[in-house]
Amino acid sequence: MAMEKVDIIGGGIAGLALAGRLDPGRFDVTVYEQRTELPSVGTALAMWPEAQQALAELGILGAVRSRGAIIKAGALRRPSGEALLSMEGEGLVGVSRPELLRLLDTAVPATVRRVVQRVDRLPGHSGLTVGADGVNSIVRRDFWGRRSTARPTPFLAVRGVVPGIPSPQDVGEYWGRGQIFGLAPAGGGTNWYASFRSDLGPDKVDVAEALEVTRDRYANHAPAVKELLALASPETSLAQRIWTTPALGRYARRNVVLVGDAAHAMTPNLGRGACEALIDAVTLGGLLNELPTEEALAAFGRKRVMRTQLLRLASSLMGSVALAQGAQPWRDALLKQVGKSVARTRERTGTSK
C-alpha cells in the first residue's frame, strides 16, 4: 500500500504534535521548520484538561506533569495586590514552552523527515499540506488570500521566567488601567507576563528596551511585581507585539489545512492558544488515521472551526475588559462584587477556597 504524503509547514507546538499523532505506517511525513534548534527561552503555558488529554494521546502527559507545576489557585487583583476575585485552578498544569516543545519532539517518530529551511513557496505535490506556521502563516496567505492577513493589536506582550517560587498570596493577574501583569509558578521558578499599549514594534521588538518600558509602567504596582521585574533580564525574557488572525469560516481547502495559530491566533487573555493548537493537531491526526483524507478534513472542520472561532472572540472580549481604561473603576467594582458573591456561596455550600 502506497504511503500518503503529508507536508507539515512549521515545527512548533501544532506541527510537532501532528507529526507525533499521524500513523507512521500510513503517512510519509515531512516537517519544515526554519529554526535550527528548539528555543531555550519561553514562558509557561497553562495546560487545560482537554489539552492534557491531547498530551496523553501523544504519550507525554506524565512527563509534562513531572516537569511542570500544578496551578491550584490565583486571583484577579488590583495593581496594589488586593484580591478582587479568587479563582480555582485545580487540574491545570503549567509547563514552559521550551520544555513542552522538547517533549513533543520526543513523540515524533524517527521516520518523520525534518527539513530546516524557511518555506516561502509551498511544496507542490498531490499530498496533504498542513499550515502549522503560526499567526503570519505563509500557507494561509497563499490559500486564503489577503483578507486573511494577520493584524497587529495595539498591545505589547512582555514575558519571562525568574528563579524562585511565588507566594500563593501573590499569584494571579493584576488588572490596572489599560495594563495587565500576571505571575504563576513554573517548574521551579516564576512565570510572569505583562501586556499594555505600546508603540514598540510591530515587528521585531528590542527586549532590553521593552523591559525598561515595562518596569516604568509597573513602578506603582505591588512589591511582588516590582521585585520580579527587578530580577528579569533580556536573556530570560521575550517581547513582541500581539497579532491576531481575522475570522475564518473554514480551515481546509482542497488538500490544504490550517491548525493552531495559523487558523485562529487569538489574544492571550484566556490562556488557550497553545491548548487549542494541541487539540487541533491531535484531533486532525486521529481523524486522518481513521478516515479518507477528504472525510477527515470535513470532520475536522465540524469539530474545530466553531469552537476555536468562539474562543478567539471570547479572548478578544476578555482582553477588552482586562485592558479597560476609562471603565476601570466600574470593572473593578463589579469584579469585587462577584468575588463577594462567590465567597458567600462557598460558605453556604462548605466548598473550600
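Modeller: Partly exposed covers the range between buried, under 20% relative accessible area, and exposed, over 50%. Leu313 has a relative accessible area of 45%, so Leu313 is partly exposed. The model is predicted, and Leu313 has its place in helix H10, which spans residues 293-322. Together with Met306 and Leu310, Leu313 forms a nonpolar patch on the surface. The accessible area of Met306, Leu310 and Leu313 together is about 320 Å².

Two other residues can be set beside this one. Val41 is found in a loop, with strand E2 (27-33) on one side and strand E3 (44-47) on the other. Val41 counts as partly exposed because its relative accessibility is 27%. Leaving aside residues up to four places away in sequence, Val41 touches Pro98 and also Glu235, Thr236, Ser237 and Leu238. From Val41 to Arg307 there are 266 residues along the chain, and the C-alpha atoms of the two are separated by 30 Å.

Thr214 lies in helix H6, residues 207-217. Its relative accessibility is 0%, so Thr214 counts as buried. Again not counting residues up to four places away in sequence, Thr214 touches Val158, Ala194, Phe196 and Leu229.

Definitions and conventions. Residues are numbered from 1 along each chain as its sequence is written. This is a predicted model: local features need pLDDT of at least 70, side-chain atom pairs count only at pLDDT 80 or more; totals for chains, interfaces and linings use all residues. Side-chain values use heavy atoms; hydrogens and water are left out. Helices (H or I, at least four residues) and strands (E, at least two) are DSSP runs, numbered from the N terminus. Buried means under 20% relative accessible area, exposed over 50%, partly exposed in between (1.4 Å probe, protein chains only). Contact means heavy atoms within 4.5 Å. Patches are made of residues with over 30% relative accessible area and no salt bridge: like charges are joined within 9 Å, nonpolar side chains (Val, Leu, Ile, Met, Phe, Trp, Tyr) within 5 Å. Accessible areas come from the Shrake-Rupley method with a 1.4 Å probe; for residues, only the protein chains shown count as cover. A salt bridge is a side-chain nitrogen of Lys or Arg within 4 Å of a carboxyl oxygen of Asp or Glu.
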